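Hello,

Here is the structure you will be working with. Please look through it first, then read the notes below it.

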Amino acid sequence: MGKPFKIIVGTGNRHKFEEIRAILSDVRDLELVPLWAFPNVPPVQEDEKTFEGNAGKKALELARFAALSQRVSYANQSTSAGSEDDEDEIDFDALSAKRAKETSGRHKPVSLGSSGRLPRMPDYTGVEVYVMSDDSGLEVDALQGAPGVLSARYAGKHGDDAANNALLLKNLKGVPPEKRKARFVCAIALANPMKVLITTRGTVEGRIAAQPAGSSGFGYDPLFFYPPLGKTFGELEAETKNKLSHRSQALAKFKVELQKLVGA
């Protein structure tokens with residue numbers, strides 16, 4: 001690839017970021033930048049009906065936010081210090097430092113305006129910003145595919161794993177093991193500020209256990225029983241899980257498409 005190809009990973013979930021970084025660690029000259037390197041990141045409403053739709057929407061809107069942040073940051077730097085830096089190059093280290101120290105008086109947050117949506121720029125041509133984002137979740141056949149795209153907020157509050165798992169078990173009460181078939185699904189998208197460039201999908205089949213087992217992983221991992229190994233995802237070592245998970249399957253396809261895109 002030559003110089004590092006930087007991709008912002010559009011998730012605030014540190015477990016997910018570390019899993020993605022581990023799986024993509026063998027991609028040469030790839031640098032992954034965490035979303036928390038950027039201050040004032042606006043939430044993206046995940047209101048699409050498919051995992052692919054949500055992943056693409058998040059990647060696209062976050063890429064536009066990063067592009068706007070870049071231009072606002074450089075405009076402020078130029079005004080205050082007479083900087084003539086290349087406007088199309090993001091200084092991720094500087095952004096991370098500003099985020100950590102919280103001393104950037106010159107960095108102005110990008111306003112979403114009264115509509116609550118990111119303002120559109122007339123032209124994103126030449127802006128070298130790439131964001132990858134994923135949407136993943138659990139589909140249970142006995143629940144007609146639920147929790148599906150609502151997996152992270154199945155019980156109401158986003159990211160409450162204990163409540164989500166408890167509600168899932170409650171809704172499957174009395175359902176026999178042979179009818180508790182389920183799958184983890186992950187869709188990954190890469191976008192620049194103008195369009196979605198890559199979308200991939202990965203799945204792994206299993207069933208929902210009668211009770212949680214294991215303390216590894218996150219989300220529904222302690223309830224997702226994987227028959228080939230006779231264990232739940234919560235009982236697997238991270239290295240083992242990363243080789244067979246839905247995210248691993250989607251990322252394997254993503255790597256192939258990414259290498260085509262950058263000509264590696």
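Accessible areas here come from the Shrake-Rupley method with a 1.4 Å probe. On that basis, the accessible surface of the chain is about 13500 Å², and carbon and sulfur atoms account for 49% of it. Keep in mind that this is a predicted model.

The overall fold comes next. The chain holds six helices and seven strands, in the order β-α-β-α-α-β-α-β-β-β-β-α-α along the sequence. Of its 264 residues, 45% are buried. Taking contacts between residues at least 6 apart in sequence, 66% join residues at least 24 apart.

In soluble globular proteins, nonpolar side chains tend to be buried together. The largest nonpolar core in this chain has 20 residues, and I7, L32 and M132 have the most contacts inside it. Two or more residues each come from β1 (5-9), α1 (14-23), β2 (30-34), β4 (181-191) and α6 (246-262). The largest share, four residues, belongs to α6. Leaving out residues up to four places away in sequence, L32 touches I7, V9, F17, I20, R21, L24 and M132. A second, separate core has 17 residues, among them L143, L168, Y220 and L244.

Beyond four places away in sequence, D134 touches K16, A55, K58, C186, A187, I188 and R247.

Regards

Notes: Residues are numbered from 1 along each chain as its sequence is written. This is a predicted model: local features need pLDDT of at least 70, side-chain atom pairs count only at pLDDT 80 or more; totals for chains, interfaces and linings use all residues. Side-chain values use heavy atoms; hydrogens and water are left out. Buried means under 20% relative accessible area, exposed over 50%, partly exposed in between (1.4 Å probe, protein chains only). Contact means heavy atoms within 4.5 Å. A nonpolar core is a set of buried Ala, Val, Leu, Ile, Met, Phe, Trp, Tyr and Cys residues joined through side-chain atoms within 4.5 Å.
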